[in-house]
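Please open the model in your viewer and keep the selection tool at hand.

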Amino acid sequence: MQSLSNRAKKLEKKPMNFSERMYLPAIFQGLSITMRHFFKKKATIKYPEETRPMSAVWRGLHVLKRDEKGRERCTACGLCAVACPAEAITMVAGERKRGEEHLYREEKYAISYEINMLRCIFCGLCEEACPKAAIFLQNDKVAPARYERDEFIYGKDRLVEPMPIQNQ
Amino acid sequence: MELSLLLIKGLIIFAVFGITLLIATYSTYAERKVAAFIQDRVGPNRAGPFGLAQPLADAVKLFFKEEFVPANANKFLFIAGPSLAMLTACMSSAVIPFGGTLIIGGEAIHLQAIEVNIGILYVFGIVALGVYGIMIGGWASNNKFSLLGAIRAASQNISYELAMGMSIIALLLVTGTLSMRDIAAQQGQELFGVSGLNWNIFYQPVGFLIFIICAFAETNRVPFDLPECETELVGGYHTEYSSMGMGLYLFAEYVNIFVASAVMATLYFGGYNFPFMNQLGLPHNLVTILGTVVLFAKIFFFIFFFMWVRWTLPRFRYDQLMNLGWKILIPLSIANVIITGGAILLKAELF
């Protein structure tokens, strides 16, 4: 048969010579290969003790930011929920009462804000959609494994950034 | 006097038994580490520092599993199988000289559990008995895969014992004694002016090659692990075993590896002798202790070699196994015996 590339090597099956029939040289060759691998540097990262460095643009666990005075930035406009391709975000909006100005930046705020981390695909579209720069995907945290499904629904208690120390 | 002698003997037997079990225990750990390193992994490292508690964790796991006996199995033989395998594996390290003599208070104490003048024959007898454990366990399981594994083990051991015996006969022609202690002591003589280098490997290289191949076959290790060939026979003779019954079979395999390594080190690689042992001018007891350390280093090397080969070579096909045993190793070992005998005669004529 004509070969297409003319690069095929013509092989003919020769009878094995004495050293090949003894198999011992081949066995020692194999042993030397495994011995080389024995002393090779291992690629394993021992996870809980060592972690792989994350990229600066890594999209990890969400955070709801506060402004410089420690007020929640989110106004529950719902643009993130609309932008979310996985429909992982739900929220309930509420009106800010008198005396709560130090807690919420705008007159409208999110009474509840939930992200289902099992649905979320960490695409970052919520971050892009947010007009108030309230939601970000952190580059140093991932959603940890848990035993129950409902533990993956993150509410405001786990999403909102903790208060800066000087404002407490 | 008599009582103290008994006490010392008992202590040595106890130590040999303990060391055998300890090395077998940590062989399981070493096996996993060697496998991992050869495959570019790190191996067990969670239990204790460097995973050193892993054998203990494995043993605890095995003890807590259900001891299951199949409904139609012969219950007595089903339990007798692994027990016999373990018993025979532990018996054969009794005659191996683990060192020379310690002189304490004018008394020479041999670092050997029992001295019998037919040491090699004893080892061969016990190793041959080992296949009964596999055979009985495989048959008693009432499972076709177990039975096939047991039959394979039996026929394989019979085939390779012949070649092994022949290679030993050639060795006996050189040494002229069956006693392990005498063979070990002979190898401490001078060779080319270097004391402790009169190793039998220099006189019997082909015999050693045959012996090591047969040792692999006798201990059912890769590339001769057809009795437990998991791609064909599920688990072979221990398919039906669970819990510590299984554990005893696996453990017996590692004890056998230790014994085979010790026998190879003693018969061919000088036992407890090391180069320049009598030319350094060290005190006698120190030389003995160093010799024991050297012997264990040799044993560990052979154990490592067993594992190294296991993670390098693929398994034989059964007909290839039989061809190698009957058509190559036995004629080769017979030729080795004849050539060795001829060489001894020639040496007697010439010198």
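Predicted model: local features only at pLDDT ≥ 70, side-chain atom pairs only at ≥ 80, totals over all residues.

Residues are numbered from 1 along each chain as its sequence is written, chains are lettered from A and ligands numbered from 1 in the order in which they are written, and side-chain values use heavy atoms, with hydrogens and water left out.

**The helix.** Select residues 318-350 of chain B, which form helix α11; helices are DSSP runs of H or I with at least four residues, and strands are runs of E with at least two, numbered from the N terminus. Where does α11(B) have a kink? A kink of about 30° lies at Leu329(B), shortly before Pro331(B); the bend is the angle between axes fitted to the seven residues ending there and the seven starting there. Leu329(B) is also one of the buried residues of this helix (buried: under 20% relative accessible area; exposed: over 50%; partly exposed: in between; 1.4 Å probe, protein chains only). Display α5 (144-175) and α7 (205-218) of chain B, which are among the elements covering the buried residues of α11(B).

**The loop.** Next, select Tyr203(B), in the loop between β4 (194-195) and α7 of chain B. Tyr203(B) counts as partly exposed because its relative accessibility is 40%.

**A buried threonine.** Finally, select Thr266(B) in helix α9 (residues 243-267) of chain B. Is Thr266(B) buried or exposed? Thr266(B) is buried, because its relative accessible area is 0%. Its contacts (heavy atoms within 4.5 Å) include Ile96(B), Met180(B) and Leu295(B), not counting residues up to four places away in sequence.

Conventions. Expected span 1.5 Å × (residues − 1).
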